[in-house]
Amino acid sequence: MKKALILALVVLILAPAVFANGGDEKEAGPASVLNWNLGSAGPKTLDPGLNGASDGGDVGNNLYEGLVREQAGIVHPGMAESWELSDGGKTITFKLRDAKWSDGSKLTAGDFEYSWKRAMDPATASEYSWIWEYTNVVGAQEAAEGEGSLEDVGIRAIDDKTLELKLKNPTDYFVSLMSFYHFHPVKKSAVEAGPDGIWASDPELSVSNGPFILTSYTIGEGLVMEKNSNYWNADNVKVDVINVAFIDVASTAYQAYKNGEFDFLSDVPPAEIPRLVAENPEYYIFPLLGTYYYNFNMDLEMWQDVRVRRALTLGIDREKMTEIQGKGSIPAAGFVPPGFVDNKGKDFFETAGTYGIPTDASGVAEAKKLLAEAGYPNGEGFPKFTLMYNTSEGHQQIAEMVQEMWKTNLGIECDLENQEWAVFQDTRTQGDYEAARGGWLTDFMDPMGLLAIFQTGNSYNDPNYNNAEYDALVSKANQTVGAEHYEALYAAQDILMTELPIVPVYHYTDDLLSSPQVKNWSRSVLGTLDFSTASIER
Amino acid sequence: MNVNASQFEFATKKESQDQEILRKSLTYWQDAWRRLKNHKLAMVGLIGVILILLFALAGPLFSRFSYSDQILDYSNVPPRMDIYEVADDYYVFITRDYKLLRISEKGEILARIFDSDKDAINKIYTYSDVDEGLDIALDFSYNLLPGKEADYDYTFAANGGPEISKPYKTVSNRTYPFGSDGVGRSILVRVMYGARISLTVAFVASIVNLLIGVVFGSIAAYEGGRTDIIMMRFVDILNSIPLIIYVILIMVLVGNRGLWTMIIALGSVYWVTMARLVRGQVLSLKEQEFVLAARALGVNRSHIISRHLIPNAIGPIIISMTMMIPSAVFTEAFISFIGLGVSAPMASWGTLANDALSGLMSYPYQLFSPSLAIAITMLSFNFLGDGLRDALDPRLRKG
Amino acid sequence: MRNYFLRRFIYSLFTIFLIATVTFFMMHSIPGGPFTRERPVPPEIMRALNAKYHLDDPLIVQYFDYLKGLVTFDLGPSFSKIGVSVNKLIITGFPITAKVGLLAVILIIVLGVPFGIISALRQNRPIDYIVTFGATLGVTIPSFVMATLYIFFIAGKLGLVPTFGLKTPGSYIGPMIALSGYSLSFVARLTRSSMLEVLRQDYIRTARANGLKELAVIGKHAMKNALIPVVTYLGPTIAALMTGSFVVERIFAIPGIGRYFVESVTNRDYTVIIGVTVLYAAFYVFMVYLVDVLYAIIDPRIKFEKEAG
């Protein structure tokens, strides 16, 4: 009797799974399906105005479209057919194309004005509204910080097809920034249909304007996007269905990829990377606009001697470290990563040079000399300090290598300590550390986005670096364009790399796996995925 | 029958003593030890425990590496290597992340040979040993061919010579007997040092279980009524508060003071299962006749608990003490991952196993060594535990 | 006795309330908040966010707001899934978690107890050693290793089941094994040990001497008394399994609630922390209560009340 009961129970539990499976198979078989693992446990929100994370951005970039669409650094017209600059670059007028929302209604310039003012409104409480400071749109920063009125913001829909923007200063990167997911438009009636952006992840309520529409969403499991027939460029969208899974364990997702359950993987297990690089042409590495570094707490007596800071900077072999890490990261000898083009069309990273910081161990001799001059021959007499990082296997590995190199190369000893992210952030902003890991990624195509964080008083100036000349140069760069802008930035990085309040370690990279059956997918310079032009050949 | 006094005589003092001491009286613990000694498996377990302790304490003295010494060029080298003879008396090994190492015939790593050219499209890497004037071409395209036909994965060719596809032989890694990890540290040495942490944790966890769990549970059950309810609700609360919040709170309040803070964190929450088990046993035992008898004789409470109840509950106590050791070892790894306890590069067995997991597909041996260490320890403790249970159970006491 | 269990019930409710309270104040006293992200949010925007979610109210006000919600079963909005209520997270995730958990529990009972009995009846014979050895491995190999190995070999190398999710009936096997491994071994060992003890007792010898069939001796007399430690252990274990495991659900990508237990803390998703903690606590407290009731059934001699005098 009991056995029968248990058996019945098992059958009962398993039955829905069996039927669910049967149901799925019937639906399968549309022409072109892409299976993609997002690499996170699911986006926090899909509402473009509220979203501040790249997983939501990757999905959003396929559901929505901004004024422009950027693919691999090239800006294509999106919702805007054309745009022109006037008033010395301080006014930008976008001409919108005939575009529709996925519900068939017309998309207007007013929709953009609504979306953006909503996004910057403190009442919306968007985590990303700080970005309005860097758009240089008149009154936007003030409005976002609750000090100005939305009325005074320089965004105006002149008519249904014309959107006019007033900027404080001419801003070279403005148009390409408009492709970023924070600037995607939302439809007012849809937004008001559900609170707190829930409309965006509800297939019933979601209205979008991009190549795909949301047709299914399961918390913690995945979502489904299907081709949007109302998209202006729908004829060129070749993928019919995108199944997105939310798996945040890289090894599980990788195994599923190897089994053919995925065509596209945004997250690859780090230990497999060196092999993938050699063996698998499906593995891609992209530079990311960011830098991994260590902060010195400049308020402490122990870091006052620049020779010590330079010695520690020279005392590590960045090439070996990036080789072990395997992700193709670029050893950093400056703060600005490759990928920014200056007014002369040259790469900022190349032009800036290495400030005498070799990428391998050849700087150790100089480092030892500097330490001796500073009164610590072979590291003797230098106090033992603590190097902090936030909890992660990757950060731990880098810290372990740095610790060992400082010990063997320079005779300087440190302890390692890790803290959970929220605790670590607290520790860093309060300056309650000796040396701590830092990392910075920028969201717009200008070195300003990186160098500005070391200005006095900046919330992200963790070393508490304080240099009036540096501050002046960054401020100057903020107000200028072209040659003046870049000269100020080069000069600023010169100061930063002479004073070295930080030890730059490497420039970030991004990686992914894509089956050869998926063609023509693309990615923005900032790392957002784009399947609007992709196709699948089975 | 006629009996009179003349037929009897007084026994001498010696005679009467001889009668009394037929067998030396043994205390509870002496008797337990005697029985433990006769338990073969328990002895195997005891020897195992002693060997592990020796391994942890004395092992590092015989190694030239410390737990933190890195040789980045020798990272991810397995314990067994297929070496190829590419030139006379010149043996090489290719790691799974495509580093070429020169190996002696006996299995010592001599040097890394750096690559001079990487042809990723044709899958041919060239490595150059400038001193020996050797250019070694590695062709690993075979491994990747669809429907692979060759029975080898790759070939070597030195200075344009013939392709070598057969390994010369398989040697054991003399430099790193258990292999090396992702930054070129000896796994053997790290397992030895890790043993110190993990065994300390296992020891502390067992002591905490005994001192707090057993005492707490037996008092609650014996006292019963409101005392029992309140004591066990305290256990419920302790058990339900998320461990991770608790650990972060300790970290923020006291900071990380190494192993000790970790032990405090672990020890203060770890004994709840034991307390519940002992309570359950004592609840049932305390109604049995022998306890009633002891009570009727006026034996005091603590004596009843320590001499009558706990020894009779020794089975579940020892089982859960030994069975909970691995969970303590892995909880330690979790707590130190959050940031409390020993800091990197020092690592416990749990941490070593945890770190090895992400590379399981390519470097399974990195998981194997710490796991094996934990398994051997557990088997030893289990055998010893079984023996102890038999030895300490008063119902099995003879004489 | 009935009075006792009524009183216990009230204490249990009070325990849940205490757990919620302690957790509430503990989680608010650790650094960070729900808006701590990779890129720190500027102070002005942080203020706006805190105002929106009433995190700028005095803690005690938040506490009473929260209690109000708890009593009305409204656990509030999640911070890490904007716009989704904790109620909805639990309603969607819990059935999945509970289903996998229940299967694991069945596996533990169906395999763990018989293995323990067989092992005890054949003490120091090969089968006993095999069970002991297996149980040792079972507790030694942690669930994360078991799960990863399972995916690597069974799903990957052999391709017998899908790698992730619960798409087919076969998908349940991996999570079941990984979830139950430790407890199954524990139960087998506990059963063996208490069985051995019971078998040595006089009344079993008497029963055997009276010519009762071995099966009846084991089933009717020995089993019942050997069950106490097993039931003690199983109660809370069931509560833990039915509310899921962070590790197992993550590795197998199961959309349950197990992952929220750790994830919510790292995200400082306050409402979810309390939500899942209270859910687990309620389950747990109930199971502990049930264990005490079972004690009274298994061994009628057990008294919970303190004797007079």
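In chain A, 10 residues of domain 2 are in contact with 7 residues of domain 3. Two residues count as in contact if their C-beta atoms, placed from the backbone, lie within 7 Å. The side of domain 2 of chain A that touches domain 3 of chain A holds 6 nonpolar, 3 polar and 1 charged residues. Here Ala, Val, Leu, Ile, Met, Phe, Trp, Tyr, Cys and Pro count as nonpolar, Asp, Glu, Lys and Arg as charged, and the others, Gly among them, as polar. The centres of these two domains of chain A, taken over C-alpha atoms, are separated by 34 Å.

The model is predicted: local features need pLDDT of at least 70, side-chain atom pairs count only at pLDDT 80 or more, and totals for chains, interfaces and linings use all residues. Residues are numbered from 1 along each chain as its sequence is written, while chains are lettered from A and ligands numbered from 1 in the order in which they are written.

Domain bounds come from an automatic or database domain assignment. For chain A it gives domain 1 (1-62 + 197-282 + 515-538), domain 2 (65-185) and domain 3 (286-510). For chain B it gives domain 1 (80-172) and domain 2 (187-396). In chain B, 50 Å separate the centres of domain 1 and domain 2, again over C-alpha atoms.

Chain C has 12 helices and 0 strands. Helices (H or I, at least four residues) and strands (E, at least two) are DSSP runs, numbered from the N terminus. The C-alpha trace of chain C spans about 85 × 65 × 30 Å along its principal axes. Of its 309 residues, 51% count as buried, that is, with 20 or more other C-beta atoms within 10 Å of their own, C-beta atoms being placed from the backbone. Among contacts in chain C between residues at least 6 apart in sequence, 72% join residues at least 24 apart.

Chain C also touches chain B. This contact takes 53 residues from chain C and 44 residues from chain B. Several helices of chain C each supply at least two residues to this side, including α5 (126-140), α7 (173-199) and α12 (270-298). α1(C) gives the most, with 10 residues. By class, this side of chain C has 33 nonpolar, 11 polar and 9 charged residues.

The contact between chains A and C takes 46 residues from chain A and 50 residues from chain C. On the chain A side, α1 (2-27), α8 (250-258) and α15 (421-429) each supply at least two residues. The largest share, 7 residues, comes from α1(A). This side of chain A divides into 21 nonpolar, 15 polar and 10 charged residues.

Notes
Buried ≥ 20, exposed ≤ 12 C-beta atoms within 10 Å, placed from the backbone.
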